[in-house]
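Thanks for making time this morning; I would like to walk you through the pockets of one protein and then through some of its charged pairs. Please have a look at the structure first.

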Amino acid sequence: MAGPTPTLGNPRNTIEILNRYRFVFQKKYGQNFLIDTHVLDKIIKAADITDRDYVVEIGPGIGTMTQYLAAAAAKVTAIEIDRALIPILHDTLREYENVDIINEDVLKVDLKRLADEKNDGRPVKVVANLPYYITTPIIMGLFEKHVPVSSVTVMVQKEVADRMQAGPGTKDYGALSLAVQYYALPYVVANVPPNCFMPRPGVGSAVIRLDVHEQPPVQAEDEALLFAVIRASFNQRRKTLQNGLSHVPGLGISKELTVRILEEMGLSASVRGEALTLKQFVDFTNLAVRYLKTVPES
Ligand code: SAM
C-alpha cells in the first residue's frame, strides 16, 4: 500500500467516529457501513487497484473503503450525497492527499466529464458499497452514458448480483442480466453476510465485479431499441414475444414483423422473450431496424 494504513473498518473505530460526530443514520440513503476488514481487503483485491489507477467511489459513508482505496490508488474521487458525512470524511481522510470529496447525488454528477477532466478521458475504476435503493440506475447510468470505465467492483444486494449473472432459462434472468452482460462480463467475488455492516441490512449482499467490454461481444445497431425490446419482453414475461412487443406503444414492431424475424432467425413464432440469449435479442433488433427502414409498418 502506498498511502497511510487505514484505521477504519472495524466496529470499535466506526462507533467512535459516529459518536464523536453524533451521526444519525439516514435510512433513505441506504446507509450500511462496512465494519469488516477482511471484506474490505477482498474488495480492494478484486478491484485490482494499482498506484496508476484513478478510482471513483460512490457513497463513501464515513470513508472506510475510501481509506483502503486511497492507500492503493493514484487518485480517488468520492461522491457522497449526505451533507452530514462531509466533515467526517474530511477528518477520516485528512492524511490522504490523493482524495477529492464531492458532496452531490451521484445520479446528478457528469461522470464522463469527471473522467475526462481528472483522468484525461482514460478509463476509470468504479468501486463502491452501493446504496441498494439506486443500484440499477447507478450501474446502468455508467454504461448507457458511456462513461470511460474499465471495471466496476461493487457491493450489491445478493439477489441483484444473481440477476446480473443469470442466463436464459433461469428465474433470475431478466432485463438487468441482459443490460449488464451487453456491456460487461460479471462475476461474483464474495458473498457478504449482514453482520459485516453497521447497521445490519435486512438482506444478504455480494461483491460483484463487472469487467467492461472494450467492444460489446455483439453490437446492436440501435441500443435504445434493443433495450426497449428487452424491457418489453420481461415486463410481460409470460407472453410470447409477438404478443409482448405488439402491445408496446411507440415500439413500432407488429406481430407480423416479429413472426417474420423469428422465422428468419430459425426460432418458433411462439417463443417467449425470456428464452432468448443476448445475441438473439441483438440479432432480433438488428433485423427489426433493417425491416423498419425498408418496410414501413402501419
Ligand atoms: N462506503 C461506505 C462503507 O462501505 O462503509 C458506505 C456505504 S453505504 C451502503 C452507501 C453510501 O452511499 C452512504 O454513505 C449514503 O449516504 C451514500 N449515498 C446514498 N445515495 C447516494 C447518492 N444518490 N449519491 C451519492 N451517495 C449516496
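A pocket, as I use the word, is an open set of grid points with protein on both sides within 12 Å along at least five of seven lines, and its volume is the space filled by probe spheres set on those points. Please keep in mind that this is a predicted model.

By that definition, the second largest pocket has a volume of about 230 Å³, and among the 14 residues that line it, T7, Q67, T92, R94 and E95 are the closest to its centre. Helix 1 (11-20) and helix 4 (86-92) each contribute at least two lining residues, with helix 1 giving the most, namely four. By class, the lining has four nonpolar, five polar and five charged residues.

The largest pocket holds about 290 Å³ of space, and its lining of 16 residues includes H146, Y183, V212, H213 and E214, which lie nearest its centre. Here the lining divides into ten nonpolar, four polar and two charged residues.

Turning to the charged pairs, the structure holds 15 salt bridges. In one of them, D91 of helix 4 and R20 of helix 1 are 71 residues apart in the chain, yet their side chains meet at 2.9 Å, N to O. D91 is buried, because its relative accessible area of 14% falls under the 20% cut-off, whereas R20, at 47%, is partly exposed. Both residues belong to a network of salt bridges that links E16, R20, D91 and R94.

Finally, in helix 7, D162 pairs with K158 at 2.9 Å, the two being four residues apart, about one turn of the helix.

Methods. Residues numbered from 1 in each chain as written. Predicted model: local features only at pLDDT ≥ 70, side-chain atom pairs only at ≥ 80, totals over all residues. Heavy atoms only, no water. 1 Å grid on protein atoms, 1.4 Å probe; cavity = no way out; pocket = protein on both sides within 12 Å on 5 of 7 lines; lining within 4 Å. Nonpolar A, V, L, I, M, F, W, Y, C, P; charged D, E, K, R; others polar. Salt bridge = Lys/Arg side-chain N within 4 Å of Asp/Glu carboxyl O. Buried < 20%, exposed > 50% of the residue type's maximum accessible area, 1.4 Å probe, protein only.
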